[in-house]
Amino acid sequence: MEILKQRPSRNPKEVLTFVLLVSLSSVTLLTTLGVILSLVGDVVQFFRRVPLLEFLLAPEWTPLFAEPRYGIAPLIAGTFLVTAIALLVAIPLGLSLAIYLAEYASGSTRPRIKGTLELFEGIPTVVFGYFALLFVTPLLQWAIPDLNIFNPLSAGLVMGFAIIPYVSNVAADAMESVPRSIREAAYALGARPYEVALRVVFPAAISGIIAAIILATSRAIGETMIVAIAAGQRPTLTLDPRETIATMTSYIVQAATGDQPTGSTAFYALFAVGFTLFLLTLLLNILAQWVVERYRERYE
Amino acid sequence: MVSLELLKDHETVRSAPVTEAEALVDVRRLNLWYGKKQALYDISVRFPRNQITAIIGPSGCGKSTLLRSLNRMNDLVPGVRVEGEVLYEGVNIYDPRVDPVAVRRQIGMVFQKPNPFPKTIFENVAFGLRLMGFKGSELEDRVVEALKRAALWNEVQDRFRKESGLRLSGGQQQRLCIARAIAVEPPLLLMDEPTSALDPIATQAIEDLITGLKQHYTVVIVTHNMQQAARVSDRTLFMHLGVLVEEGPTELIFTKPKHPYTEAYITGRFG
């Protein structure tokens, strides 16, 4: 019979579409793999010259000194410090904004505010960097006299504002997707709007909210320009927000724009730092996926 | 044959009217609009204490809208406008001095689709009680009591603290929602087609529960299932196109309807 001969998998258009889609998606995958592989070669070179223990435990990062030290700790401390300050700003403000957007804003103001936030998200971070250095730092120095010109406090505060949209828009999406029927149940029990928001919608959307925070965190860790400009480029093992520091990203910028000869240990150090950064953000993303799976609520 | 023009100045046909003294809720000339569209026309009706009143009528007749005006849930719909009075215990709940939140704490509601919170069974029932400030052992006692009254206790007593309300079956979820609504002891309980999403066995369990509830509560139930109205209710309201066509004791409405539309609907000729 005719219909038995027409196997859908043999349809030429179907086959063409399939091949096209698979090859396009493998481009992305292969690029990622390529990035990792190209890093690995140089990372291996680095660890032939510098022992892993030195990298993990040495308290100083001074690749360009006569007696270079290669301890990643100061760079991680710098990254951690700036990220923590940024999150202290972005989480409370971003989540408040998200609650406002999801529960209080009227149907016409909501898209306008979200749109504005997305515009804000599009501002090049180099602009934020100079804003921190030339405007926020002098302001802060007025209040904190022994604040360095380059300091993680100013960079972290400005970065916190820069990543608010990542927290607020993703968290607001999560809260808006909580079914209307659940809100109605709470209102029918005599809950006030703030009680509905905090006791019902927020907990119901918690997995999306945590995902938003983790997304913002990896954004803060990877952020480069603001810290390179405003936080300084002197790796210091400290958690004092007034000191000049360097983060992993700002070191990479510094090294990449500097004049380390190709093949020197300082040159390979660049890749070791890049790889550490890559591992950290990868871990965070895996954590985010795990959290979303673990705490996802099914409403039906 | 059935049009709004014919019903516009319709005077509700009433059998054995409820006296003012018997009424817990007294609706007086209630009109309601969603934006420009009028959804309720001049409705006057009384709901007697400790009885079950069913509201029936074809889809879009305004039965859910009428139910939702009794606890001001319609306030949550943007663009809604209400004229007329709803007296609850003699107080007009649409008086500008009345806080709609306080109204909803007095009046429980159960919805068409079971809508438990994504929380444990215990926390679902405790929600309204916590809003009212209950804590500790008193809170626990009231939760257990509500689960017992909603005929859910036997099925969940060994797991109600840990298990999410969402893991229960549909019928159990609806009984959980009833437990959640009655935990705060509301004198009036509104039910909006509470069994329309359930299978016949779960429906049976809910109906048995509803009949038992009238000892403690006054119940108003919207249903599109006429057999259900006949089985559980003491009085029945028949609505059509936003108009209250006829109301009276359930038995009369179903055996000797006075208005031709009521008769047409209950004999299945439209709807």
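The radius of gyration is taken over C-alpha atoms, and the globule rule is 2.2 Å times the number of residues to the power 0.38. The structure is a predicted model, in which local features need pLDDT of at least 70, side-chain atom pairs count only at pLDDT 80 or more, and totals for chains, interfaces and linings use all residues. Residues are numbered from 1 along each chain as its sequence is written, chains are lettered from A and ligands numbered from 1 in the order in which they are written, and side-chain values use heavy atoms, with hydrogens and water left out.

**Exercise 1.** Compare chain A with a compact globule.

Solution. Step 1: for 300 residues, the rule gives a radius of gyration near 19 Å. Step 2: the value for chain A is 24 Å. Step 3: the C-alpha trace of chain A spans about 75 × 65 × 30 Å along its principal axes.

**Exercise 2.** State the secondary structure of chain A.

Solution. Chain A has 14 helices and zero strands; helices (H or I, at least four residues) and strands (E, at least two) are DSSP runs, numbered from the N terminus.

**Exercise 3.** Describe the largest nonpolar core.

Solution. Step 1: a nonpolar core is a set of buried (under 20% relative accessible area, 1.4 Å probe, protein chains only) Ala, Val, Leu, Ile, Met, Phe, Trp, Tyr and Cys residues joined through side-chain atoms within 4.5 Å. Step 2: the largest has 89 residues, and B:V25, B:V27 and B:I43 touch the most other members. Step 3: helix α4 (residues 73-104) of chain A gives the largest share, 11 residues. Step 4: a second, separate core has 52 residues, including B:A126 and B:F238.

Definitions and conventions: Buried means under 20% relative accessible area, exposed over 50%, partly exposed in between (1.4 Å probe, protein chains only).
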